[in-house]
Amino acid sequence: MSGFMGHEPDGRPGQPKTVKEWVFTLDHKVIGVWYLIGAIASFVVAGLAASAMRIELGSVGPDITDNGDIYNLWLTMHGAVMVLGFQIPALLGFVANWAVPIMVGGKDMAFPRVNAMSVWLLWSGILLALANLVIPDSWNGMWTGYPPYSLTDGAGNTALYSFIVVVLGMSSVFGAVNLACTVAFMRCKGMGWFQMPLTVWCVFTANVIQLIFVPVLAASVILLSLDKYLGFGFYNPEVGGDVLLYQNLFWFYSHPAVYVILLPFMGIMFEIFAVSARNDVFNYKATVWSVIAFIPVSSDVWVHHAYVAGLPDWLRLLQTFTTLLISLPFGLLMLSLTGTLFRGSIRYTGPMWWAMAAFMMLIIGALTGIPNALSAVDYGISDSYVIMSHFHYVMAVSGSMSIFAGVFFWFPKLSGRMCNEFLTKATAAGFFVGMNIVMGPLYLAGIEGMPRRYMDYQMFADNATIVDAQHWSTIGLYITFVSALLTIVTWLHGAIAGEKATSANPWGSESLEFTATAIIPGQGNFPTPVICPEGWHPYNFIDNPKPQFEPHPGTSGHH
Amino acid sequence: MKFKSLMHKVIGSLALLPLIPSLAHAFQAAPAARADYNGWTPHQHWDEVWHETMLDITILGVVFAIVTFAFMIMYRRKGHGERGKMPKLSAQAKVGWVVIPCMLFLGDDLFLYVKGFDLHNHLRNVPADAAEVKLTGTMWNWNYVDANGIDTDNELVVPVGKPVVLRMQSEDVLHSHYMNRYRLTEDLMPGRVTWEWFMPDQLGESVVTCREYCGTMHSGMYGKIKVVTQDEYDAYVAEQTASVPAGTAVASADKF
Amino acid sequence: MSEEIKHYTAHWHTSPNPLLVGFGAGLFLPWAFMLQFVYDMQTAALVTLAIGAGMTIMGGLGWAAETIGVIDDENWSPSAMFMFIGTEIMTIGGVLAGYWVARLGAASWPPEGTPADVGANGALIATLILIVSSFTIGVARKKELNGDAAGFATFTLISVAIWAVFMYLTIAGWSELAAQGFTIGVNAYATALYGFTGIHFAHLVMGILVMLTCVPSAFKGRLSYSYTRAMTMYVHFVNVLGCWVLLQIYYW
Ligand code: HEA
Ligand code: HEA
Ligand code: CUA
Ligand SMILES: [Cu+2]
């Protein structure tokens, strides 16, 4: 019937028509699309970097480069752009901007201009990051940017790194303030806190985490540039500074950051699971509280990234414990996800294929966090492929698959068209199988001792496990590459030539973005403000009252 | 709920949060505590805890996956109009479904924590008779100086059966000394001395790599630990100390 | 419903200003810094700085003209400002943590190379002057609530002037210290002193811009209550920050 942007009365799609309407837009839907484009472009760039790395690592000795700096540049770009340019913008940009205001029945974000500024800050950050591929003296200090290395000339343009992080951080902070106000103040009439879809809860909580922790990250990288270019000495032991300060500040943010990524993508899973199974989310309120519990629990575990960095022993032991505690709220979330299928009525749509695969990968990825969490065990695997495999399962694979699931899920609303169902499912399967072949063997290589960030591993040339694992992993990459490429083709095909969506609610959701659809294009989401009637709940699939609309002001007085 | 005032309180209390990371610095890394060697080789202990943990998470993962697969197959949609039939939870059930799983998870956490704690203490208490070796990392080289003043690059020779403790410092950027056979990693940095100890229990060579990113040739920063018999070691010491002028060796060993 | 919709034509709000600010501050200003400090290309740096600052300021002014007193922003600005201040506190807390590390870990404090007089008295006087602006901005707010747009603008400008005096005193203090050879990288104390007063200085610049955005529309008689509420919150915050810096750096 109609895409979210609606259709003109004569049936033309209701997207902005002029360049001006696209570029100078203040509308959250259009801004959301800009976020999505930025995120997917980042995924492509960072994915190509991953492909180059994997090809290089496929066998012992130089394959496509023998220059450590080039490999390090790829790896730096891959890590930084995947995390900062792809996943955070896709989740806290696209999902937060495009979906959340509609899901809470609001007419836009609370501050549309701030919202527009945030997206252009994001694009500034992406452009800065891309510049790294072409400038002389490019930054190769990894996404973590540890000093003292980052203060040496060898690391390249440290200022660029600081600015990428600070600009994206500003984008995130303004976005987070905006979203928190939107969720707090712009929910439609009748929607209480415990009637919000879990996606909204997860995005909201992730944004609170952003508000608390991003600034610390910004501070830590600003100090880097002050040290390197203006002669300050925060991290310089010679003038009384401390190299470890950086790691503490950096992980104080960057550990919570993994939950900033995790929560929204689990939110998408909840949405798709509930809708596909036409079932209430298991123990909804407890689930919400588990989500909120991530805020305090995640704030005191950052030392698990620095178990081997020479911090005091008591601190390692203390934060081993706090890290293990995360398994409680996390376990409850997983329980709720599985529970949502219980006595459900599951329909295996394309998005559901992606979400199910993502859930399977999440089980592996999350549980492999546990050995790392034990400080003493971590001494044996820190900075090895064991860690690398852990976070690719949980963040890279589960995260990307959930994000893509979300794109497929909301696609009919974005474009008014459907993606080819066979291709949707085939690419899900391909990505799932491919990434298992990439990351599974690498876990074994890690156990054998393969360290991270190595362009070559001649010291392990006679270790068959490592050599074979690297070989198979590269074969897995080819499968993943084809699947990722086909995924993008599927979207493009769907957007341009896909079948027109015949229903405003193709998956049978109860959430407002599907049920209270505007059929008018342009600013504002609903013809008149929405009202959630009493007893309305986004996961009530049995006897949910229909959302209503306030009478049109035009018919009853003035505006 | 009056959200605005609650939010304001929550955000106001943020002011205290920056205190948290600074706590980490109230104390510098503790000096190595010495203890009697308890006869258990630490890397065997490590393997033990590792297998235990892997078994644990495998069971958890398999249970989760099986239940999920079962649900996926059992609850496929049969008819077009069919809806999920999630039973309504009673108030007790709602609480129970939080408390009981949490207790189980917590129990398992504590179980693992205790295992890890034990291992941690084992790895972090240096046996009283451990031989001291000074290790200096530079881009991209490992320099070992042992108690005899033997100064080697990227190769450490030790006698079998005697524990060794490395006192480590970096001259430039962060490095991380990982001994593959001994399952141990610890960073080196300028401005602080860190340490790790291991038990060379078997003759032969094993790989040492750098595990903290340190620039262009990070992956070229590797070496080996060679474990020899006591006789071979004595011969090695005699040969090395004869060829190295005593003065320079002591001077470089004094650096710390 | 369908009656209205039939006559509906798509209508999208647009404004170039957020884009100008976003790219100006997010893309051009960073490049100006990098051209200057990393690539040593002064002229290019200056040009980029001019473009970036121009875009940001033009965008900011245009933004203010579009919104202040024109759009009723439904009173969320103060809450948003409150959150923003919360994150600011975290930023500064991060830097403070660094300072505490250096300070508590140091063998003696202040470290060697610190002049006997770091200008504590001057800083005290300057901060006392600074505090006055909290009162003047309060008066401005009162005037605004009484609907006195011109009075509001006047007192806002007085606050700006007070801040300018403080900024002048700060710069004077810096140059005095620098003249004694106490420059940024001398020791950990110098790092902290220039770091914190510099951070505060940057906030003053921001705050002045925020205050100034209210003035043109006020002279036209247009007021935005919630925006100015947020503005005064920021002014108070920067003043409190000034006191913090004074206590942490000069009187601890
Ligand atoms: C989305 C991202 C994400 C998520 C969710 C996680 C989740 C977890 N991670 Fe991971 N992690 C990363 C992304 C993520 N991580 C990244 C990017 C890095 C590397 C950064 C770098 O260095 O570049 C990293 C690195 C990393 C390290 C550092 C290792 C090192 O460098 O030496 C550690 C150590 O503790 C760790 C632990 C954990 C733990 C304990 C969890 C927990 O949250 C997992 C908890 C979940 C479960 C346990 C499963 C569900 C629970 C149950 C089924 C209940 C029952 C279970 C038990 C009782 C055990 N991770
Ligand atoms: C969200 C984050 C994310 C994602 C999605 C990924 C995805 C992938 N990652 Fe990455 N990775 C990280 C985050 C992520 N990674 C981080 C943080 C690090 C650590 C960095 C560090 O150490 O500092 C890392 C490190 C890392 C390494 C370690 C290298 C080393 O330590 O030496 C490897 C090696 O195999 C790897 C591989 C891959 C692969 C094969 C994928 C695949 O999933 C990628 C799939 C995508 C594609 C194959 C692209 C498809 C391309 C197209 C569709 C283009 C089509 C063409 C046109 C349109 C022109 N990653
Ligand atoms: Cu030394 Cu990496
Ligand atoms: Cu972490």
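1. A salt bridge joins A:Arg316 to B:Glu186, with the closest N and O atoms 3.0 Å apart; the term stands for a side-chain nitrogen of Lys or Arg within 4 Å of a carboxyl oxygen of Asp or Glu. Across the interface of chain B and chain A, three salt bridges are found. Over all chains the count comes to 17.

2. A word on the ground rules before going on. This is a predicted model, in which local features need pLDDT of at least 70 and side-chain atom pairs count only at pLDDT 80 or more, while totals for chains, interfaces and linings use all residues. Residues are numbered from 1 along each chain as its sequence is written, chains are lettered from A and ligands numbered from 1 in the order in which they are written, and side-chain values use heavy atoms, with hydrogens and water left out.

3. How many residues does each chain bring to the contact between chain B and chain A? Chain B gives 88 residues and chain A gives 105, where contact means heavy atoms within 4.5 Å. The size of an interface is often given as the accessible area lost when the parts come together. Here about 8,400 Å² is buried between chain B and chain A, and carbon and sulfur atoms give 68% of that; buried area is the accessible area (1.4 Å probe) that two parts lose on being put together, summed over both.

4. Between chain B and chain A there are 36 residue pairs in polar contact (both at pLDDT 80 or more). A polar contact is a pair of N or O atoms within 3.5 Å; within protein, one must be able to donate a hydrogen and the other to accept it, and residues adjacent in sequence count only if both atoms are side-chain atoms. On the side of chain B that touches chain A, the elements giving two or more residues include helix H3 (42–74), helix H4 (91–124) and strand E9 (184–188) of chain B. H4(B) gives the most, with 17 residues. Helices (H or I, at least four residues) and strands (E, at least two) are DSSP runs, numbered from the N terminus. By class, this side of chain B has 52 nonpolar, 20 polar and 16 charged residues; Ala, Val, Leu, Ile, Met, Phe, Trp, Tyr, Cys and Pro count as nonpolar, Asp, Glu, Lys and Arg as charged, and the others, Gly among them, as polar.

5. Now to the metals. The iron atom of ligand 1 has a single protein donor, A:His390 (NE2), at 2.2 Å, and A:His390 sits in helix H14 (residues 385–415) of chain A. The copper ion (ligand 4) is coordinated by A:His255 (ND1), A:His304 (NE2) and A:His305 (NE2), at 1.9 to 2.1 Å, and these donor residues are spaced H-x48-H-H in sequence. The iron atom of ligand 1 and the copper ion are 4.5 Å apart. Donors are N, O and S atoms within 2.8 Å of the metal (3.2 Å for Na, K and Ca); water is not among the atoms, so sites may look incomplete.

6. Which chains surround ligand 1? Residues from chains A and B do, so the site is shared between chains. Of the 33 residues around ligand 1, those that come nearest are A:Tyr259, A:Asp378, A:Ser382, A:His390 and A:Arg452; a residue is near a molecule or strand if one of its heavy atoms lies within 4 Å of it. A side-chain N or O atom of A:Asp378 is 2.8 Å from an oxygen atom of ligand 1, and for A:Ser382 the distance is 2.8 Å. H14(A) gives the most to this shell, with five residues.

7. A:Arg452 also meets A:Asp383 in a salt bridge (3.7 Å, N to O). A:Asp383 lies in the loop between helix H13 (375–381) and H14 of chain A and A:Arg452 in the loop between H15 and H16 of chain A, so the pair ties together parts that are 69 residues apart in sequence.

8. Ligand 2 has 36 residues around it, the closest being A:Arg54, A:Tyr71, A:His78, A:His392 and A:Arg453. Polar side-chain atoms lie 2.7 Å from an oxygen atom of ligand 2 for A:Arg54 and 2.6 Å from one for A:Arg453. The shell has 25 nonpolar, eight polar and three charged residues.

9. Lastly, chain A and chain C: 69 residues of chain A touch 55 of chain C, burying about 5,400 Å², 78% of it on carbon and sulfur atoms. The count here is one salt bridge, and A:Arg113 and C:Glu66 meet in a salt bridge at 2.6 Å, N to O.
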